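Grab your viewer and try each one before reading on.

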Amino acid sequence: EQCIHELIAAQALRTPTAAALIGADETLSYAAMEQQSNRLAQHLRRLGVGPEVVVGLCVPRSPAMMVGLLAILKAGGAYLPLDPSLPAERLGFMLDDAEAAAVLTVAALTARLPGSYAGAVLRLDADAAAWAEASPEAPASGVGPQHLAYVIYTSGSTGQPKGVMVRHQGLVNYVSYAASTFEAAAGVGAPINLPLSFDGTITALYPPLIAGTALWLIADGGREIDGLVTLFEQSESHALMKITPSFLSALQDVLPAERMAKAVRTLVIGGQALAWKDIERWRRHAPQTRIYNHYGPTETVVGCIVHPVDDADAGSGNIPIGRPIANAQVYVLDEGHRVVPVGVVGELYIGGDGVARGYLKRPSLTAQRFIAHPYGTAGSRLYRTGDLVRRRADGELEFLGRIDHQVKVRGFRIELGEIEARLVAHASVHEAAVIAREVDGDERLVAYVIAAAGAVVEVSVLRAHLAESLPDYMVPSAYVVLEQLPLTRNGKLDRRALPAPDAGSVQTRAYEPPQGELEHALAGIWQGLLG
């Protein structure tokens, strides 16, 4: 019956002098974090923020980010995480769609916000004097467990992202489970290396703060791997870390084995299917580290199914996703919403406290994906995941794939239809299809396009067009121009028949020529060596 910020405030009373937020240039104690967020919350209340009011949060990973987030919650509002790296058009859409009453940011990022936004913009650095003298006590907001805690946008199949509405009750249920199961009170806290707009970050974001340990906030800038390596060189025995399999693979490539053994007590891995090969090195060099495979869509609060990895999983393909967490129910159903027998493939449906309220301003989509619970009490609902699973004889669930064309690449959930809609919107494209396929051992997005009559498709132009409205991880790495798209006998797109791209057509990023004397010298050395 409590909200997440109330649990954190209770912990701050128990450990006021302990470090709560550790950034590159600043450390805040629990008491300082509470006082700063309370003062800002008082100011937000004066601006009209309260229950069900959405406030944008566009702040780099830093103590200020968490102060702003807590202030929004204490004022009674729901936070809307905005990744500063997103295109202005996408940020503008989310702000407009969520009807955000205000945006918290910093002076350096003000220019990233769309000029069309008409709400209040509060710079946590330059405007801090406006609330510096406010009361350091938390305001009375009237917010309760059934009110919104946050709205987070995920890729949408219609060509626009959709906002998932998550209540305090579901958030507190998950965080309480995670803090206990993942032993957030052990060790020195948790590194935060993923963007706030990725809901998986919540796994490590809140549990340490209700357990009395610290958040170690890794600076933004695309060098999070380097930041983690540096952190593990300077400190060890972190309580937990949430990470995707792709991110973990990159970290294992550069983290020395001796550091791996001391880095973290619990690894929580989610966002993609997890194979034994993804964790084999970590298990070998850090056998004492507890590893959990963690499954759950945004619509059911981060993770609702967990599997503790053990030696019995060694040598297997994909590791099971496991069993439901506390106060969650899972059902494997057929098309008629009947429970299928053990060992039979069906679609995964999820019920319980973690089920989100639905999609913001998308009643028809909400009705389609959040169905009446066929086996529950009146008014309860199940979320239809679109994931195919199978229940083993021991009760563990195995993830088998998708029933639609939603994919996950490097931990990001992507609706291919959104990218296809953007491609077709370009004047040079008549039809388009996008798939995720393995290229050079890595999962990549590949776009297939048919040119419009009399038009010539230029890949660089298409990439620039997509980059105007899509985040970087949704811009395909390769483009294949076809005369026509392959079809099945039923006249539908045959995605399996789409050809593999030529090696030369795969572009991981735009070419950047060497700059300055040193880079020119290095480039010359490589040209000489490689011809």
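The exercises below work through this predicted model.

**Exercise 1.** Describe how helix α8 packs against helix α9.

*Solution.* Start with the geometry: α8 (residues 224–234) and α9 (residues 245–254) pack at about 55 degrees, their axes 10 Å apart. Angles from 65 to 115 degrees would count as roughly perpendicular and those under 35 as roughly parallel, so α8 ends up oblique to α9. Next, the handedness: α8 passes α9 in a right-handed crossing. Now look at who touches whom. From α8 come Glu224, Ile225, Leu228, Val229 and Phe232, and they meet Phe247, Ala250, Leu251 and Val254 of α9. Sort the residues of that contact and you get 8 nonpolar, no polar and 1 charged.

**Exercise 2.** Which parts of the chain does the salt bridge between Asp97 and Arg362 tie together?

*Solution.* First check the pair: the closest N and O atoms of Asp97 and Arg362 are 3.4 Å apart, and the cut-off is 4 Å. Then place both ends. Asp97 sits in helix α4 (residues 88–98) and Arg362 in the loop between β18 (358–359) and α12 (363–369), so the bridge joins parts 265 residues apart in sequence. Finally, Asp97 has 10% relative accessibility, so call it buried.

**Exercise 3.** Is Arg223, the salt-bridge partner of Asp226, buried or exposed?

*Solution.* Begin with the bridge: Asp226 and Arg223 bring their closest N and O atoms to 2.6 Å. Arg223 has a relative accessible area of 57%, so it's exposed. Asp226, at 35%, is partly exposed.

Terms used. Residues numbered from 1 in each chain as written. Predicted model: local features only at pLDDT ≥ 70, side-chain atom pairs only at ≥ 80, totals over all residues. Heavy atoms only, no water. Axes fitted to C-alpha atoms, helices over the stretch in contact; angles between N-to-C directions. Helix = DSSP H or I, 4+ residues; strand = E, 2+ residues; numbered from the N terminus. Parallel < 35°, antiparallel > 145°, perpendicular 65-115°, else oblique. Left-handed = near helix turned anticlockwise from the far one by under 90°. Contact = heavy atoms within 4.5 Å. Nonpolar A, V, L, I, M, F, W, Y, C, P; charged D, E, K, R; others polar. Salt bridge = Lys/Arg side-chain N within 4 Å of Asp/Glu carboxyl O. Buried < 20%, exposed > 50% of the residue type's maximum accessible area, 1.4 Å probe, protein only.
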